[in-house]
Each structure stands twice: as structure tokens, then as C-alpha cells.
Amino acid sequence: MVSSPIGIQSVTDTASTRLASLQTAANYQSSAIALPNSPLFGTDGIRGKVGDLLTASLALQVGFWAGVVLRQNSQNLGPVIVGQDSRNSSDMLAMAVASGLASSGLEVWHLGLCPTPCVAYLTSITNAVGGVMISASHNPPADNGIKFFGRDGAKLPQSWQTEIEAGVRSQTDLYIGQNAWGRSYLRSDLVQNYTESLKKPLLQNRDFAGMRIVLDLAWGAAVNLAPAVFQDLGAEVICLHDRADGDRINVECGSTCLTSLQAAVQKHRATLGFAFDGDADRVLAVDDKGRPVDGDYILYLWGKALQTRQQLPENLIISTVMANLGFERAWEKIGGRMIRTPVGDQYVQAEMVRTGGMLGGEQSGHILCRHYGITGDGLLTALHIAALVQYAGVPLSEMVSQSFATYPQLLRNVRVEDRDRRMSWNQCTAIQQAIARAEAAMGNQGRILVRASGTEPVIRVMVEAASTDLTQYWTENLVLAVQQYVNN
């Protein structure tokens, strides 16, 4: 366990020690903040455009009320660990959240630039009461977000998020102790603990000597860590977009745009390549032929390896409603079982805990393997997929070709800036009727998923069918129905 640099005195929270003046100030600031009618917390914390939903005032309030909730649910008052990605707004939001946490009486350890799973890991191995990451993950530079972790490194329980939001909206009474002012410390030294934890399981059995690996770091949170870890394990590393750049994070690079990685893998005759998103909690791969390898293939290949080693209880993989039917049927063919959850790694993680599952994830590249980590971790996943390829002694392209063929799947995004309208799309009768017609026409030859994104201002329309023609026809039909709803 990593201990605090100073002693922390526990402060008892009781109704009798309520600070009326601080409550009044909180109420005043809350009333001055324009809040949407829909919930602040989405599938991955609070996320939105900076200066619109996300402001320093909101971040201060969120930090304060998060501190109150963390104190109320903790017996021992350790620090809160805060990390951030490279966005231009991340410094401002991190400082505002830290100020709110300190005003609630909690100590803050600021890691600086680091991946989201680094915050989760360090929160779990220290005496921290929680963690906070300032990032909008794969979103464009103008967006940002605030996501929370509990003391176990898992996403904060929904009930705690509800309490935080209630405090921000001044809908409940919450209390703090008198004179409980916290302090803030720069603890970038702790990041090394995270990198060592990534390498440790691999150092004993395997190195990457002879492998040439291309890394697309998306101008984001992994720029300082990922190249060093792969090099320490013996790989020759070629990097793309490898500086922290808040103006270009995720812009035509990283896991949302594989074009440059595909070209680089082929140009350099690389063994394979990996593309991270802005906070490095997800990763997609590119094989030696320059072809994309998404989260479905990563889950299948890693799951098959764990199954062979008898390390996958009940041969169970947890995935989401986005997982391709080709993946599911191929996994079942080799004796596997799949449980689908709603989109969002928090739902995958919750189902893994409920069922005892050891491997789960999303097609988008959020992968969780409880043998090695507690949350989705792009860097951890990349290291283990590279190790699988090295162990197999055959190219990744061959491993993919021998796994499964995907059903044609098409995903279209319809931009909807109005958050309340976006989140209430399912109340539109015309859209529901269009979905019913498509489902009846395709029968068991396809799947449809329409949902409001919890991380971006879009409604996502996904159609998967046995033929490309069916997929394209019903996708266009449903997109038109959503667009008509948006424009009415």
C-alpha cells in the first residue's frame, strides 16, 4: 500500500456540525449554474462541451459534493487521487475539482497527465477514498469530462452519483465537519507503480524481442507511458501522435481513426499496431496486413487463450448489445457463453462482478480482464494481445482469419445537440414504429440497436444483418426516422 505523505485526522460528520454558511454558498453557486433537465451523469461520468455544460463553477460544485459523499461513505479519510488527459481544459477542470474536494475536507493527490486506468489502479492499492479522472476519453478536443472511482478502483456506484448530483442541484442536505480543509499534493511519482504493475505479469514468461510495434497515442494520456513499457519488454517501437497536444487529441488519429496506423504498420512492415484513445482506457489493434482488429476479435482471441489455460470460469465472456453476431456464434461454437449488457464498460464491469466473469468488454476496445486489472485498460490489453501473438508464433492476421467472420454491421450517428431531446428519443412513436417494421422484416437474420450516446451529442443507429443490402437499407430507413424526429 502507498501511504499518505502526512497524517490525516478523521472528522466526524453529524447533522449538528453542519456549516450553514457553506450550504448557503453551495446553494447560491448551484442556482447560478445552468443545468440540463436530464441527469448530469452519463455512462462514463459527466461529459460535455467545455464552457457549455462543463465550467469551472460546475467542476467546483461537483468536487465539493463528491467529497461530501466520499466522506460519508468512508470510515478512514484517505486522499482522493486525481489524474487528467492532455486537453487544454483539463488543467482548469482538475484544479476546480481539487478545490471542491479540498473544501469538503479531503486531501488531494494530483498525478498530472496519465491514463484513466492509472487513476483506478492507484486508488485501489492506496488508502484513497476515491479517484477522479478529467477526460472526455475518445471525444474531440472541445469536450471534457469528470469521472469518478470508488476506493476499490471501480466506477462510483450509481447511488453515490445520484447523491452528488442531488447536492449540485441543491435537492438534499449534506454535511461536512467544521474546519475540515484539505490540502493538495503533486504525486506524479506514483504513476511508476502503475507501469510496473503492467509489466510484472509479462516479465516472468515473455519478452517482445523481434517484434516491431506501431503505437498511435492520439496526442493523449499515454504518450509518456506506452512507448517506454513496450520498449522495456524488448519491442522495437514506432510512435505516432506521441506528444501531449490538447488541440489535436483524438483528431483523425487514435482508436477513432485507424487510417494513419494502418498505413504505418504496412510502411514499416510491423508485427502489429495499437491505437489508443485520449485517456488510454480503450485500444484497437491493426494486424500485420494493415487490417483493423476491434474489441470483438480481441475478446475472442484473449478468451480462447484463457479458455485453453482453464482460466475462464464457465467459458464466459461479458460483452454488450453491440457485439457482432458472428463473434457470439463463433464463441458458442467452441463451447463458450456470452452475456450481453447495455453499452458502457460500467455495465460490463457490474455484470462481471455479479457473475464472477473474468473477461469482458466492448467492440469499441474497452476490455476488462480481472486476472490483471480492475477496469478497462488499453495499455494492459495491448500488452497481453502482443504477448498472445508472440506466444502463438504466427501473424495476428492469421489468428484473426482463423477466428470468425463478422456479420455486416453499420453504425450511423445522428447529431443532436439538445441533451434533453437526445435522451428522450425513445418517446417518439415514429421512431419506435420504424424499428418495429425493420425488426419484423429481418426476423432472426438481423439485429437493431438505437440509443442515445452517454458520451457524445449523438443518437446512434446500429443495424446488423446477414447481408450487406439488408444492413444498408434498414440503416438508412432508421436514420431518416431519427433525423425527422430531430428536425421536428
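**Exercise 1.** Find which strands helix 12 lies across, and how helix 12 runs relative to strand 10.

*Solution.* Start at helix 12, residues 378–392. Helices here are DSSP runs of H or I with at least four residues, and strands are runs of E with at least two, numbered from the N terminus. Helix 12 lies across strand 8, strand 10 (272–276) and strand 11 (283–286). Next, look along strand 10: helix 12 runs at about 170° to it. Such angles go from 0 to 180 degrees between N-to-C directions of lines fitted to C-alpha atoms, for helices over the stretch in contact (heavy atoms within 4.5 Å).

A word on the source: this is a predicted model, where local features need pLDDT of at least 70, side-chain atom pairs count only at pLDDT 80 or more, and totals for chains, interfaces and linings use all residues. Residues are numbered from 1 along each chain as its sequence is written, and side-chain values use heavy atoms, leaving out hydrogens and water.

**Exercise 2.** Check the span of helix 12 against 1.5 Å a residue.

*Solution.* The expected span is 1.5 Å times one less than the number of residues. For the 15 residues of helix 12 this gives 21 Å. The end C-alpha atoms are 21 Å apart, so the two agree.

**Exercise 3.** How many residues of helix 12 are buried?

*Solution.* Buried means under 20% relative accessible area, with a 1.4 Å probe and protein chains only. Twelve of the 15 residues qualify, among them Leu379, His384 and Val389. Just after the helix, Gly393 takes a positive phi of about 75°.

Key: Buried means under 20% relative accessible area, exposed over 50%, partly exposed in between (1.4 Å probe, protein chains only).
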